[in-house]
Amino acid sequence: MKKILAIETSCDETACAIINEDLAIETSVVTSQIDVHARFGGVIPEVASRMHVEQISTIIKEGLKGHSMDEITAVAYTIGPGLIGSLHIGAAAAKSLAFFFNKPLIGVHHLKGHIFVNELVDNLEYPLLALVVSGGHTELVYLKDDQSFKILGTTLDDAIGEAYDKVARIIGLEYPGGPKIDKLAKEGKAHYSLPTPKVEGYDFSFSGLKNACLQLTNRLNRQNEAVVDADLAYAFQEVALHHLLDKTLKVLKDYPVRHVLIAGGVAANSRLRELMSEHITEQKLTLPPLKYCTDNAVMIGVAAFKELKSGNFVAFDAASSSSLAIDK
Ligand code: KG4
Ligand code: ZN
């Protein structure tokens, strides 16, 4: 039975997992630095790197609990994109293990991890459209097969998760604000009107919407009127998520697609999951398990099996990249 030891350190989660060739999860450990970054209102790259250094050995030891390196076929790690300092810690750990135990090394693209983790719950069918929505990414990725990636649309400014986190801050909610807005919006109603982003083609934009939330809050404050937080969360979320949905439906009109999936931290959003289920009716739709939407090492292990099958290994001098493209 082939097994991959996977390591993920691209942002503020330090994670390790062992996945076998049946995609069964033998171990999975994730520690988040959220509590520390919450104090600063967002992820501080230098702090993130230092915390990965402190955590990585313990997390790998935990990930290997009950297993030995003899069982491991290959060592996989996130090679990019992400915070470069954070990526380096995972890369150094993976390379040390692979070198010492004489294992092949696999560098996994972070977004391929978010996309392929959906294989835990469904067989993927091609052509496939993945809506990748996270703290650093908003992308419509078209896959003719599991080796060909084409970015059809991307954000021209903020990523959707980033917009959630910034609007949460305006409302006074702690980082990460996405899950808190998701919850708060359920108590909100259509009261405030915010502008729908206007962008050509399949691209996205969220900074105008974020600024509109700030302007509305400032105006109400000047007028000594209380902002109804739940209504603002509701208004922001409805506009932001319909923007994602509209562009997704636009691609489906223009391209042959058999399967649609969502991926990344914002894929955990309950309203996005509801909207996708309501509107994607002609294609197969997969929503990833909530547990594996935000960063984890299981997704890196699942994606690494694709690389293992194609013999895509990396050398010990492989450089990590903060802006690694998925379609090169
Ligand atoms: O995929 P991820 O863990 O890290 C990146 O690769 O960026 O995504 C983190 C992002 C954060 O911006 C967080 O606020 C957002 O995902 N997020 C959510 C929800 N859960 C996490 N946004 C909206 N609704 C949620 N339920
Ligand atoms: Zn991610």
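This briefing covers the domains, sheets, pockets and backbone details of the structure above. The model is predicted. The domain assignment divides the protein into domain 1 (3–116 + 292–310) and domain 2 (125–287). The largest pocket has about 940 Å³ of space, and its lining takes at least three residues from each domain.

**Domains**

- Domain 1 is made of two segments, 3–116 and 292–310, while domain 2 covers 125–287.
- The centres of domain 1 and domain 2, taken over C-alpha atoms, are 27 Å apart.
- In the contact between them, 18 residues come from domain 1 and 21 residues from domain 2.

**The sheet β3-β2-β1-β4-β5**

- This is an open sheet of five strands in the order β3-β2-β1-β4-β5, and its pairing is mixed.
- β3 (25–32) and β5 are the edge strands; each has a single partner strand, so one side of each has no neighbour in the sheet.
- From one strand to the next, the twist averages 20 degrees.
- β1 (residues 3–8) and β2 (residues 13–20) run antiparallel and are joined by six bridges.
- Lys3 has Asn20 in β2 as its bridge partner.
- Helix α2 (residues 45–63) packs on this sheet and touches β1, β2 and β3. The direction of α2 makes about 20 degrees with that of β2.
- α10 also packs on the sheet, where it touches β1, β2, β3, β4 (74–80) and β5. The angle between the directions of α10 and β1 is about 125 degrees.

**The sheet β8-β7-β6-β9-β10**

- Five strands, in the order β8-β7-β6-β9-β10, form an open sheet with mixed pairing.
- β8 (148–154) and β10 (284–286) are the edge strands, and each pairs on one side only.
- Neighbouring strands are turned by 20 degrees against each other on average, direction ignored.
- β6 (residues 128–133) pairs with β7 (residues 138–145) in the antiparallel sense, over six bridges.
- Within this pairing, Val133 has Thr138 of β7 as its bridge partner.
- Helix α9 (residues 270–279) lies across β6, β9 (259–263) and β10. α9 runs at about 175 degrees to β9.

**Largest pocket**

- The volume of the largest pocket is about 940 Å³.
- The lining consists of 37 residues; those nearest the centre of the pocket are Ser134, Gly135, Gly136, Asp165 and Tyr175.
- α4 (110–116), α5 (160–171) and α6 (178–185) each contribute at least two residues to the lining.
- α5 gives the most to this lining, with six residues.
- By residue class, the lining has 13 nonpolar, 16 polar and eight charged residues.
- Domain 1 and domain 2 each supply at least three residues of the lining of the largest pocket.

**Second largest pocket**

- The second largest pocket holds about 310 Å³ of space.
- Its lining has 19 residues, and His109, Lys112, Glu307, Ile326 and Lys328 are the closest to the centre.
- β5 (105–109), α4 and α10 (298–309) are the elements that give two or more residues to this lining.
- The largest share comes from β5, with three residues.
- The lining residues are divided into nine nonpolar, four polar and six charged.
- The second largest pocket lies between domain 1 and domain 2, because both give residues to its lining.

**Backbone details**

- Most residues other than glycine have a negative phi, and most peptide bonds are trans.
- The peptide bond between Gly80 and Pro81 is cis, with omega about -10 degrees. Pro81 is in the loop between β4 and α3 (84–100).
- The peptide bond between Tyr175 and Pro176 is also cis, with omega about -10 degrees. Pro176 is in the loop between α5 and α6.
- Asn102, a residue other than glycine, has a positive phi near 55 degrees. Asn102 is in the loop between α3 and β5.

Definitions and conventions: Residues numbered from 1 in each chain as written. Chains lettered and ligands numbered in written order. Predicted model: local features only at pLDDT ≥ 70, side-chain atom pairs only at ≥ 80, totals over all residues. Heavy atoms only, no water. Pairing = 2+ DSSP bridges. Helix = DSSP H or I, 4+ residues; strand = E, 2+ residues; numbered from the N terminus. Axes fitted to C-alpha atoms, helices over the stretch in contact; angles between N-to-C directions. Contact = heavy atoms within 4.5 Å. 1 Å grid on protein atoms, 1.4 Å probe; cavity = no way out; pocket = protein on both sides within 12 Å on 5 of 7 lines; lining within 4 Å. Points joined across faces, edges and corners; volume = space filled by probe spheres on them. Nonpolar A, V, L, I, M, F, W, Y, C, P; charged D, E, K, R; others polar. Domains from an automatic or database assignment.
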